Amino acid sequence: MASNTATMGHLPSGMGICTTIPDILYVPELIFGGLVWILVACTYVVPYNPQAWVMCVSIFCFLMTFVWLVVFACGSHHNSSGWAAADFMYHGIAAMLYLSASVLLALVTLAFKSDPPTYVYKLDISAVVFSFVATLLYVIHTILSAIRWKSF
């Protein structure tokens, strides 16, 4: 059985993205990013600007991660070190964007705290949790992508 960390010096393609680190994180990033997108869309957008930023970040990162997944699955990267660097940069930018959106979403959620918790407040709490999980996934992906980029 091959180790999935032994392949850090090249970019996978095809179904190899489902078995190598950090590319295995694409699917959880899509799942948690999609959940943030859905949960924020289901709530009342009372403070327009912060929640609009969260929606913008979640939709942008969801679409770009999907495009990135397709590029890697099709093998369009041709195992180039430039693509490894771009992978590191994209995930670093996505991690920073998600961190800013997560903090703003948590701030807005705390500002509209209700006792007893309403349905919308529970959705907001869920969105905050999933947003921070997505942030953590993007940070881990950034670190592992940097290690892979440096091993080229």
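In which helix does S145 lie? S145 is part of helix α4; the points below place this residue in its setting.

1. Basis of the note. The model is predicted: local features need pLDDT of at least 70, side-chain atom pairs count only at pLDDT 80 or more, and totals for chains, interfaces and linings use all residues. Residues are numbered from 1 along each chain as its sequence is written, and side-chain values use heavy atoms, with hydrogens and water left out.

2. Overall architecture. The protein contains 4 helices and 0 strands, and its pattern along the sequence is α-α-α-α. Helices (H or I, at least four residues) and strands (E, at least two) are DSSP runs, numbered from the N terminus. The C-alpha trace spans about 55 × 30 × 25 Å along its principal axes. Of the 152 residues, 41% are buried (buried means under 20% relative accessible area, exposed over 50%, partly exposed in between, with a 1.4 Å probe and protein chains only).

3. Annotated spans. The unreviewed UniProt entry carries the annotation "transmembrane region" for residues 24-46, 52-76, 88-113 and 125-147; such annotations may be inferred rather than shown by experiment. In the model, residues 88-113 are 92% helix and 0% strand, with end C-alpha atoms 37 Å apart. Residues 125-147 are 100% helix and 0% strand, and their end C-alpha atoms lie 34 Å apart.

4. Packing of α3 and α4. Helix α3 (residues 81-111) packs against helix α4 (residues 119-150) at an angle of about 155 degrees, with the axes 8 Å apart. Axes are lines fitted to C-alpha atoms, for helices over the stretch in contact, and angles run from 0 to 180 degrees between N-to-C directions. The two helices are therefore roughly antiparallel (over 145 degrees; under 35 is roughly parallel, 65 to 115 roughly perpendicular and the rest oblique). The residues of this contact comprise 21 nonpolar, 10 polar and 3 charged; Ala, Val, Leu, Ile, Met, Phe, Trp, Tyr, Cys and Pro count as nonpolar, Asp, Glu, Lys and Arg as charged, and the others, Gly among them, as polar.

5. The S145 site. S145 counts as buried because its relative accessibility is 1%. Its side chain makes a polar contact of 2.9 Å with the side chain of D87. A polar contact is a pair of N or O atoms within 3.5 Å; within protein, one must be able to donate a hydrogen and the other to accept it, and residues adjacent in sequence count only if both atoms are side-chain atoms.

6. A cis peptide bond. Most peptide bonds are trans. The bond from I21 to P22, however, is cis, with omega near 5 degrees. P22 belongs to the segment before α1 (26-42).
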